[in-house]
Amino acid sequence: MSEFLIKPKVYFGTDALQSLNTLNARRVFVVTDQAMVKFGFAEQVLNLLEKKGIEYQVYADVASDPDISAIVNGMKVMDSHYPDAVVALGGGSVIDAAKAVMFSLWHTRKDPSRQKPCFVAIPTTSGTGSEVTSFSVIKAKSEKWVLVDEFMLPDIAILDPALVKSVPPSITADTGMDVLCHALEAYVSRQATDFTDGLAEKAVKLVFSHLYDCWRKGDNLLAREKMHNASCIAGMAFTNASLGITHSLAHALGGVFRVPHGRANTLLMTHVIAFNADFHGNCDNAIAKRYAALAKSLDLPCNTTREGVHSLIVAIDVLKEEMAMPASIADSGVSETDFNLRLTEMVNQALRDSCTPTNPRHVRAHDLETLYRQAFSGVSHA
Ligand SMILES: [Fe+2]
């Protein structure tokens, strides 16, 4: 038996932010960050709440890669004035922090008089898909913990392309490649189903059609809307199918060397595809055939399974290069000495990451070490 969960209600497209007018709440806890305050997006949200006569309390101290102290501080603020709705406005870090704050407070402060608040997620980057997933990534020292619980699934997601048009090119590239990685990993996951396949395939197509346009010309609102939708669609796929070892390796790399999440995935993605597909061996396993099917759906050359896998790897490499992304971990500024010093620690973290069990090919520590070394030097599989 398999299952597929559909949630939340999604408002998308031009002026989607106005859907906040339908929010049925008296007291709202707004979780955001200083960038949203600076760019005036927080003010837009607060103005909409004020017009409806809704009280609000703002927690705007979430930094990139939120850690446990950010969660504890957020819990104190939320606990002091318990809301009937939580609005998370920001990138994946903000939405993940809001999830962890809600989840932790609910489970540590048992109070029968309290209802679970309505949870509204408004993403301001097109990447994590956190607005539709039950995942939250929290940093603990140099390790990233992946929390997974249906409690954290938002009730409402608002995808307004106006909120992403000023995202700078490098973040557009990093987050957009994260979308691609979510879709690819969900597509070959051990838990992939007909339902998640359709979502993953569509998200991959949207990324290859629109990510470069977003990177080249950030105010292209149509391209921005398509990538915002792609991020959400890929999120729907992976919250049901889960992910694989690209994410496991990227979580550890990001935790240890502070490589941005999407960029870490990008540095590892093609090496993981080659490994999963046994590209340098027979390249004829069921996983290779899945990658080849995806390549075919993208109209890439695919006369044989090997050619399909090769085409997919090349297409990813080309997209990376077009957006001037680093080709290797070494190019990202990590020294070889530091890399070798922390390699075993990263391998061990990746091995116990919650995304590893759903990778389509079984892995051992030695495999993960080889993948890290390939990504460090930027070995080409093309
Ligand atoms: Fe991701």
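In the predicted model described here, Glu307 is a residue of helix α11, which covers residues 305–322. With a relative accessibility of 28%, Glu307 counts as partly exposed, because that class lies between the limits of under 20% for buried and over 50% for exposed. When residues up to four places away in sequence are not counted, Glu307 touches Pro301 and Cys302. The C-alpha atom of Glu307 is separated by 12 Å from that of His381, although the two residues stand 74 residues apart along the chain.

Leaving aside neighbours within four places in sequence, Asp197 is in contact with Tyr187, Ala192 and Arg290.

The protein as a whole is divided into two domains, with domain 1 comprising residues 9–163 and domain 2 comprising residues 169–377. The centres of domain 1 and domain 2, taken over C-alpha atoms, are separated by 27 Å, and the contact takes 25 residues from domain 1 and 30 residues from domain 2.

Rolling a probe the size of a water molecule over the atoms shows where empty space is left. The largest pocket holds about 1000 Å³ of space, and of the 47 residues that line this pocket, Ser64, Gly92, Ser93, Thr125 and Thr175 are the closest to its centre. Because domain 1 and domain 2 both give residues to the lining, the largest pocket lies between them. Several elements each supply at least two residues of this lining, among them α1 (34–38), α4 (92–108), β6 (135–140) and α8 (245–257), while α5 gives the most, with five residues. By class, the lining of the largest pocket is made up of 20 nonpolar, 18 polar and nine charged residues.

The second largest pocket has a volume of about 240 Å³, and its lining consists of 13 residues, of which Glu3, Glu150, Gln191, Thr239 and Asn240 lie nearest the centre. This pocket, too, lies between domain 1 and domain 2, because both domains give residues to its lining. Helix α7 (residues 221–241) gives the most to the lining of the second largest pocket, with three residues, and the lining divides by class into five nonpolar, six polar and two charged residues.

About 80 Å³ of space lies in the largest cavity, whose lining residues include Thr125, Ser126, Thr175, Gly176, Arg224 and Met227. Helices α5, α6 and α7 each supply at least two residues of this lining, and α5 gives the most, with three residues. The lining of the largest cavity has five nonpolar, five polar and one charged residues. The second largest cavity has a volume of about 60 Å³, and two or more of its lining residues come from each of α5 and α9. Among the residues that line the second largest cavity are Cys181, Leu184, Glu185, Met269 and Tyr291, and the lining as a whole divides into seven nonpolar, two polar and one charged.

Helix α5 (169–188) also contributes to the lining of the largest pocket, and its own geometry can be examined. At 1.5 Å a residue, the 20 residues of α5 should span 28 Å, and the end C-alpha atoms of α5 are 29 Å apart, which agrees with that expectation. Of the 20 residues of α5, 17 are buried, so the helix is largely enclosed by the rest of the structure.

Most residues other than glycine have a negative phi, and most peptide bonds are trans. Lys7 and Pro8, however, are joined by a cis peptide bond with an omega of about 5°, and Pro8 lies in the segment before β1 (9–12). Asp65, although not a glycine, has a positive phi of about 55°; this residue is found in the loop between β3 (55–59) and α3 (68–80) and, with a relative accessible area of 24%, is partly exposed. Asp299, which is likewise not a glycine, has a positive phi of about 65°. Asp299 lies in the loop between α10 (286–297) and α11, and its relative accessible area of 70% means that Asp299 is exposed.

Technical notes: Residues numbered from 1 in each chain as written. Predicted model: local features only at pLDDT ≥ 70, side-chain atom pairs only at ≥ 80, totals over all residues. Heavy atoms only, no water. 1 Å grid on protein atoms, 1.4 Å probe; cavity = no way out; pocket = protein on both sides within 12 Å on 5 of 7 lines; lining within 4 Å. Points joined across faces, edges and corners; volume = space filled by probe spheres on them. Helix = DSSP H or I, 4+ residues; strand = E, 2+ residues; numbered from the N terminus. Nonpolar A, V, L, I, M, F, W, Y, C, P; charged D, E, K, R; others polar. Domains from an automatic or database assignment. Expected span 1.5 Å × (residues − 1). Buried < 20%, exposed > 50% of the residue type's maximum accessible area, 1.4 Å probe, protein only. Contact = heavy atoms within 4.5 Å.
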